[in-house]
Amino acid sequence: MTDGERLADIVGAAVARGDAPGVVAAVATGDETQLATAGAMAIGGPPMRPDTVFRIASITKPVTAVVVLSLVEDGLLGLDEPVDWLLPELADRRVLRRPDGPLTDTIRAERAVTTRDLLTFTWGFGMQGAMFTAAEPWPIVTAVAERELASFGPARPATTPEPDTWMARLGELPLLAQPGERWLYSAGSQVLGVLVARAAGAPFEDVMRERVLGPLGMRYTAFHAADTSRLATAYEGLVVRDRPDGQWSRPPRFPDGAAGLVSTAADLVAFGRMLLRGGDPVLTPGTVAEMTRDQLTPAQRARVWPGFSFLDDRGWGYGVSVTDWGYTWAGGSGTAWSNVPDRDLTVVVLTQRAPDETGMPAVCDEVLSWASASR
């Protein structure tokens, strides 16, 4: 059986057992890419296509990080430079004495927020499992929801305000932790999108297109689907979460650098191959090495409030989680992307079914495990 036939068997079996209505998977090594499809773009809908567009959710984060790092390389941003010269809304931060405490019970931030803090999710603001297991909503969680920031949940392009308004509303809130103290998921990537736009003097989506998507030929990656007939329906279980004519059918007011992109398997393979060849033509090898190594200190890793951790036992670089075999990240819409450097391997698995209490659709791990073992 050829690799292509085996990959087709894996994704076909996943659809047959109900992992998702449809799957597109791609495995790339060197100049060769195997791609397989199974199932449908929607329950009862047209067959899944190789170029089907998916909401990639948190796989947006590594793309955002690469845009930021390209600006760092060009001297438009400094990794260890305070960001408040471009983001005055983040100047003179206050920090909650307790993350679940009243918004008025704060102390002064011990230092300014830097670009590195935002890339490593250690700037003091974001999600941690404890806020979702609390008996009563934390005041900060309520405040974020009231301001429609979409920082403590999935992207909401239909309701999130435009970047300047978004930053102003965020600036009204205290941090949950001191800058540099602990890892909190994942509002740093949202802020980075605004930072990029202000540093480059152009909309974030335009900077991303010029610096990353265009040079890599990622023609279908964007903050909305230009051709909604190729956009898969998104599900939570068997319940529709977003239709092709829904939230991703038009340009958003806020291009969400944490979870806003749609993309295809081929585009994400192109992104992964760029990193594995050392960044050409987007980044230098040294920058890629820094992006893809664990940037967290043992103290930052240890400071986890009670409740589950989004990071588990993995490390974190710039926009990617770091493992003992490579680097990876998954999206809350049921998508996964991984690079295994020792095997020169990029693996992309795209489904339209959100994770449930058991985790991601099993086919995501199955394709990665097979591809890693067969090379």
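Two strands count as paired if DSSP finds at least two bridges between them. Strands (E, at least two residues) and helices (H or I, at least four) are DSSP runs, numbered from the N terminus. Before you click: this is a predicted model, with local features needing pLDDT of at least 70, side-chain atom pairs counting only at pLDDT 80 or more, and totals for chains, interfaces and linings using all residues. Residues are numbered from 1 along each chain as its sequence is written, and side-chain values use heavy atoms, leaving out hydrogens and water.

Start with residues 335-340 and 345-351. These are strand 12 and strand 13, antiparallel and joined by six bridges. Pick out Asn 339: its bridge partner in strand 13 is Thr 346.

Thr 29 sits opposite Glu 32 in strand 2. Two residues separate the strands in this hairpin, where Gly 30 has a positive phi near 60°.

Last stop: 60-73, helix 2. Twelve of its 14 residues are buried, so helix 2 is largely enclosed by the rest of the structure. Buried means under 20% relative accessible area (1.4 Å probe, protein chains only). Among the buried ones are Thr 60, Pro 62 and Leu 71.

Note on methods
Buried means under 20% relative accessible area, exposed over 50%, partly exposed in between (1.4 Å probe, protein chains only).
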